[in-house]
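Take a moment with the sequence and the fold before reading on. The text below walks through the model one region at a time.

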Amino acid sequence: MTEFEGQVTETMEEALNSVQEIHVGDIVKGEVLAIEDKQVIVAILGTGLEGVIPAKELSTTPTDDLESLVKVGDELDLVVISRIGNDKENGSYLLSKRRLDAKKLWEEIEAKYAAGEVVDATITNVVKGGLVADLGIRAFIPASMVEDHFVKDFSKYKGQPLKCKIVEIEPSENRLILSHKVVAEEEKQKQKEAVFASIHKGDQIEGTVARLTNFGAFIDLGGVDGLVHVSEISHTHVAKPSDVLKVGEKVNVLVLSVDPASNRISLSIKDTLPGPWDDIEDKAPVDSVLTGTVKRLTSFGAFVELFPGVEGLVHISQIAHKHIATPHEVLKEGEEVKVKVLEVSPENQRIALSIKALEEKPEPKVEEVVAEEESYELPEESTGFTMGDILGEALKTEE
């Protein structure tokens, strides 16, 4: 062998020895040589060998348009699946990009699961029992984990993004379970904390009627519901909240109390409205004549409603010119009567009224005049007591 031939032989041996050996499971780099017949042909860099990527092994998202995923000249990270043919020098290898991408995705997802991170999933299908989601890897959201409330129709979720947390993961079984309910509950809790931190007793704010019950109305204050008891809805009597309020209606409310420990906020609608006794001296001035309705009869007089939420007292001595034992003798509840305003006390929310002041006093009979002369009784104006005094005593008696 000549010296030249020896050098050539040595160079070929070095080249052969420098060729990287390939085994199933190895991760290699491949340069795209061609895209044909639903497969991609690549040169496995550093080996002098070629590999084939079937269409189904190119991406985790199936597609027939391979050129939308790769171009000639692209370098790809691939995993060796198997050997094609037995010729060591001229054989080629079956490669996969999808499996390597999936492996990396599983590692990323496991890291997010360990950190408790929120992930963005796209809903691809609605199936019996829940939703199928795409996270780069197929995932499933059970129906009970979609929302924190009952959902009748899941069709609206298809094609929509949904923030979720990973609740179960098992890469070896390709099992990935997500929950949007957990995220929704956490967001609501944050909203509650923010609302409770911003609302204080005495604040007047706007809310939306969320629910109506027999005992009151729940008002949405922006993530937290406060309760307006039925007695705090109006200055007038309300039998049922649904009689005066509707779900979705905007209302102004006054915050009566805030209790973060029990997640309770007490509200009032009526305290944001003008009170029935506001400007009462203008609405019912002394000596004015008004029409009212007899609401209650007691032993000492009759309570007459003049305006919604405003009642005045007609003392028994102001009902008729003649002597009566009880108001029931001449009046009945629900009856409409005309009254004259004798006194008004806004600070005490009291009004003294008279019916007899609007009636002409009958001429006394002879025997009544004689009886009056013999009785020696002082007239009312000389007793030193006003109608306000009489009204106050009457109300005390009722209390």
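What follows moves from the whole chain to its barrels, then to its cores and its charged pairs.

Keep in mind that this is a predicted model. The protein chain holds six helices and 20 strands. Of its 399 residues, 34% are buried. The chain exposes about 24400 Å². Carbon and sulfur atoms supply 50% of that area. Now look at how the chain meets itself. Take the contacts between residues at least 6 apart in sequence: 57% of these join residues at least 24 apart.

β3 and β5 run parallel and share two bridges. Gly-51 has Tyr-93 in β5 as its bridge partner.

Stay with β5, which covers residues 92–96. Ser-92 lies in this strand. Is Ser-92 buried or exposed? Its relative accessibility is 19%, so Ser-92 counts as buried. The cut-off for buried is under 20%. Setting aside neighbours within four places in sequence, Ser-92 touches Glu-50, Arg-83 and Ile-84.

Side chains of opposite charge can pair when their charged atoms come close. The count for this model is 13 salt bridges. One of them joins the side chains of Arg-99 and Glu-57, with N and O 3.1 Å apart. Arg-99 sits in helix α2, which spans residues 98–115. Glu-57 sits in the loop between β3 and β4. The two residues are 42 apart, so the pair links distant parts of the chain. How accessible is each partner? Arg-99 is partly exposed, at 41% relative accessible area. Glu-57 is buried, at 3%.

Other charged groups deserve a look. Lys-29, Asp-77 and Lys-104 are linked in a network of salt bridges. Arg-175 and Glu-173 also form a salt bridge, with an N to O distance of 2.4 Å. Arg-175 is partly exposed, at 30% relative accessibility.

Now move to the other barrel. Its five strands close in the order β16-β17-β18-β20-β19, again with mixed pairing. Neighbouring strands here are turned by 50 degrees against each other on average, direction ignored. How do β19 and β20 run relative to each other, parallel or antiparallel? They are antiparallel, and five bridges join them. Ser-345 stands opposite Arg-350 in β20.

Asp-287 pairs with Lys-340, and their closest N and O atoms are 4.0 Å apart. Asp-287 lies in the loop between α4 and β16, while Lys-340 lies in strand β19, so the pair ties together parts that are 53 residues apart in sequence. Asp-287 is exposed, at 51% relative accessibility. Lys-340 is partly exposed, at 24%.

Next come the nonpolar cores. Which residues have the most contacts inside the largest core? They are Val-339, Ile-351 and Leu-353, in a core of 23 residues. β16, β17, β18, β19 and β20 each supply at least two of its residues. The largest share, four residues, comes from β19. Leu-353 shows how its surroundings are built. Neighbours within four places in sequence aside, Leu-353 contacts residues including Val-304, Leu-306, Leu-313, Val-314, Val-339 and Val-341. Lys-340, the partner of Asp-287, is also in contact with Leu-353.

One last stop is a loop. Lys-240 is placed between β13 and β14, in the loop that joins them. Lys-240 is partly exposed, with a relative accessibility of 42%. Gly-216 is 24 residues away along the chain, yet its C-alpha atom is 7.9 Å from that of Lys-240.

Note on methods: Residues numbered from 1 in each chain as written. Predicted model: local features only at pLDDT ≥ 70, side-chain atom pairs only at ≥ 80, totals over all residues. Heavy atoms only, no water. Buried < 20%, exposed > 50% of the residue type's maximum accessible area, 1.4 Å probe, protein only. Pairing = 2+ DSSP bridges. Axes fitted to C-alpha atoms, helices over the stretch in contact; angles between N-to-C directions. Core = buried A, V, L, I, M, F, W, Y, C linked by side-chain atoms within 4.5 Å. Contact = heavy atoms within 4.5 Å. Areas by Shrake-Rupley, 256 points an atom, 1.4 Å probe, with all protein chains shown as cover.
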